[in-house]
Protein chains: 2
Amino acid sequence: MKLIETLKNELREIADLKGAVNVLYWDMETYMPKGGTAARAKQVAMLEAMVHERFIGEDVSNPLGELVNLDSGEIINGLDDETSRLVNEIWLDYHRAVALPKEFVEELSHASSMAHPNWVEARENNDFNLFAPHLEKLIALKHREIGYLGTQDTPYDTLLDEFEPGFTTANINVLFGELKTALVPMIKAIQESRVETKQEILHQHYDADKQWEFSEMILKDMGYNFHCGRQDQAVHPFTIDFHPTDVRVTTRINEHNLLDCLTGSIHEGGHALYEQGLDQKWYGTPFCQAISYGIHESQSRLWENLVGLSKPFWEYYFPKLQTVFPENLSAVALEDFYRAVNTIKPGFIRVDADEMTYNLHIMLRFEIEQLIINEGVDVASLPELWNDKMEEYLGIRPETDT
Amino acid sequence: MKLIETLKNELREIADLKGAVNVLYWDMETYMPKGGTAARAKQVAMLEAMVHERFIGEDVSNPLGELVNLDSGEIINGLDDETSRLVNEIWLDYHRAVALPKEFVEELSHASSMAHPNWVEARENNDFNLFAPHLEKLIALKHREIGYLGTQDTPYDTLLDEFEPGFTTANINVLFGELKTALVPMIKAIQESRVETKQEILHQHYDADKQWEFSEMILKDMGYNFHCGRQDQAVHPFTIDFHPTDVRVTTRINEHNLLDCLTGSIHEGGHALYEQGLDQKWYGTPFCQAISYGIHESQSRLWENLVGLSKPFWEYYFPKLQTVFPENLSAVALEDFYRAVNTIKPGFIRVDADEMTYNLHIMLRFEIEQLIINEGVDVASLPELWNDKMEEYLGIRPETDT
């Protein structure tokens, strides 16, 4: 067999294993009873360690090493463009993975799994202290990761490279700088404007089951394939794939905020269309994986904002929505509804943020993450720092620490 | 470390892996979209093969081999009673597993996973032919398994030994013979009796959500711990454990049969109490596993029949049920309800069968399974054989082949 085929076979098996781990993650954030946390964290960590071990094992490194210099990343001559590009992408992942000890991968996975339910509990009880020790542990692990991988422009850049390969803090600062320059005065002007939208339209009581059905109808219309996926509820909406034939979305329902479920579904539907659209021919290889988190998010926000908040979208769907919720909407004009869903108003929750202030939420996180990783800001001071930055970026200050 | 501790550590890790596979099974029978079947079958088969490989690997066989003669099963001298018994139980599992090639384990798992959705579809469409090729494949694999394990009293006994260790066809024939002698005339007498129960009480329209809530209340009352478990819907109700801290039950709802959901929940609740009650101190070892399928079923049927169909049970719960379904039950007398749930009447579906005819369903399967395995009855003739046996045992004949 050709070397590249040998390599692809092994990568497919590793992807099967990774897909299995993802089933465990999905369950962890949708249905798992709290008592199952500790056992699940061990199971996931064990499987993640296996995925890692196999990916840096001989069945990958031997064929890969014949196609690329494993240390320098230099591709051997004579490969066609496609194969050459594929080998380069595999090597980038390999090069990063091989620097991490298996025990570290297991520990990081375990700590993340143990942290999640505590994040949920801290959120429910509005008590940052429940989450703080977990966050501290995760930050310490991330510092260890940087130690293994080596510092790039800054320590934060080392981590950024996993999410946005090739993108640097410096690049992003330029991008965010331009965006901020344009956005901040625009948001200020909107806040000072006398135009009022009728937001109360969205905050009546909307039956959960009906919201759910409506969101699933829209997912179907978007082209999301329910034969190869499904929607469930989660505290923090996410999309996850077990294989291109099983890509799942989640959303959350708030009976007093019509947009929570709907925009959650559309946003995650955007992610899912990207995953469902990947070419299975390349299953297991980087060509059948998202190229970066930024590109992934471009798909979800395209659907959420450019489609889901547009006039044509609501010209089509508002009459349907009125039929589902006649008691809430039969007397509401399309124009008022359209303006209400497009209200620009700073809020505390990123997931619920409008199209414009959302960007500020991201910038705020980008800045705070750098302070944590590059400047060593400690966890105890985070709530105040967070609240200060919220005030600076969004002009509002949370009253509590979560 | 003591040998037995080394062994137990390895067994705990294998149990973690097995628990992870069970999450995949659970999802497969509860939420998985149909399109995910092929990928899931591969994932499960791969993980099952890993579990197998590790269980027959050196990290088990080396310490185990110091405690027991791996070929003969003879325990070394000097072990205390508890350890000696534990080693014997581990060896029984090991001895069976080591005879099976990894590829076979993978193939059997894969075939089972691929068969399940086709069983569901065949059931929905009342078309045995959709399932027949899968059943043929599974039977062929079972014959291969017998080949690896060696024929005991009969080929069927080889398979039986996995489910009821130490029990033989001969034992069961004696047991079932006695049971049949007593049951058949009793059921006949009941059928000829002029006493009529008011079964129509149970076949009114009962709202699905309310049935669900009622069944969960009863599970809680039974002592089922929802902090370490949850209930979901499945076509064929089952209980599964990922760890003693995450034991899940499933049931099914029929809005025109009040007993489907309720007895399903109580039955599975019985299984789950057994699993939740296992001593975690022994996690990973046979002491923290069910001793046999028969004992497991004794727990589920104890709850379903001896508790859930009893007079005291309904004296307590019927008034509550009347509150939930006043339109259906407010005019019904406890005595009539109690008699209705205890109706003895042959039916086609084992899961729905009453306390007495249920046993005949089991005997029928026991006989047909022996005919398949020992006599080589082919799959094509199964529907007729099944229908004949239904008539013989239960006095009723299905009109179709599923």
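Contact here means heavy atoms within 4.5 Å. The structure is a predicted model, in which local features need pLDDT of at least 70 and side-chain atom pairs count only at pLDDT 80 or more, while totals for chains, interfaces and linings use all residues; side-chain values use heavy atoms, with hydrogens and water left out. Residues are numbered from 1 along each chain as its sequence is written, and chains are lettered from A and ligands numbered from 1 in the order in which they are written.

**Stop 1: Glu216(A)**

Select Glu216(A), in helix H9 (residues 208–222) of chain A; helices (H or I, at least four residues) and strands (E, at least two) are DSSP runs, numbered from the N terminus. Apart from neighbours within four places in sequence, the contacts of Glu216(A) are Phe226(A) and Gln231(A). Buried or exposed? Glu216(A) counts as buried because its relative accessibility is 18% (buried is under 20% relative accessible area, exposed over 50%, partly exposed in between; 1.4 Å probe, protein chains only).

**Stop 2**

Show chain A and chain B together. A rotation of 180 degrees, with 0.0 Å of shift along its axis, superposes chain B on chain A at RMSD 0.0 Å (least squares on the C-alpha atoms of residues with pLDDT of at least 70 in both copies). This is the relation of a two-fold axis.

**Stop 3: the interface**

Select the 33 residues of chain B in contact with 33 residues of chain A. The copies meet through the same surface, because 100% of the interface residues of chain B are also interface residues in chain A. About 2,700 Å² is buried between the chains, 64% of it on carbon and sulfur atoms; buried area is the accessible area (1.4 Å probe) that two parts lose on being put together, summed over both.

The rule finds six salt bridges across this interface (a side-chain nitrogen of Lys or Arg within 4 Å of a carboxyl oxygen of Asp or Glu). To see a salt bridge, pick Asp27(B) and Arg248(A), whose closest N and O atoms are 2.8 Å apart. On the chain B side, helix H1 (3–30), helix H2 (37–55), strand E2 (239–243) and strand E3 (246–251) each supply at least two residues. H1(B) gives the most, with nine residues.

**Stop 4: Asp153(B)**

Move to Asp153(B), in the loop between helix H6 (132–149) and helix H7 (155–163) of chain B. Asp153(B) counts as exposed because its relative accessibility is 60%. Finish with Thr169(B), 16 residues apart from Asp153(B) along the chain, with 8.1 Å between their C-alpha atoms.
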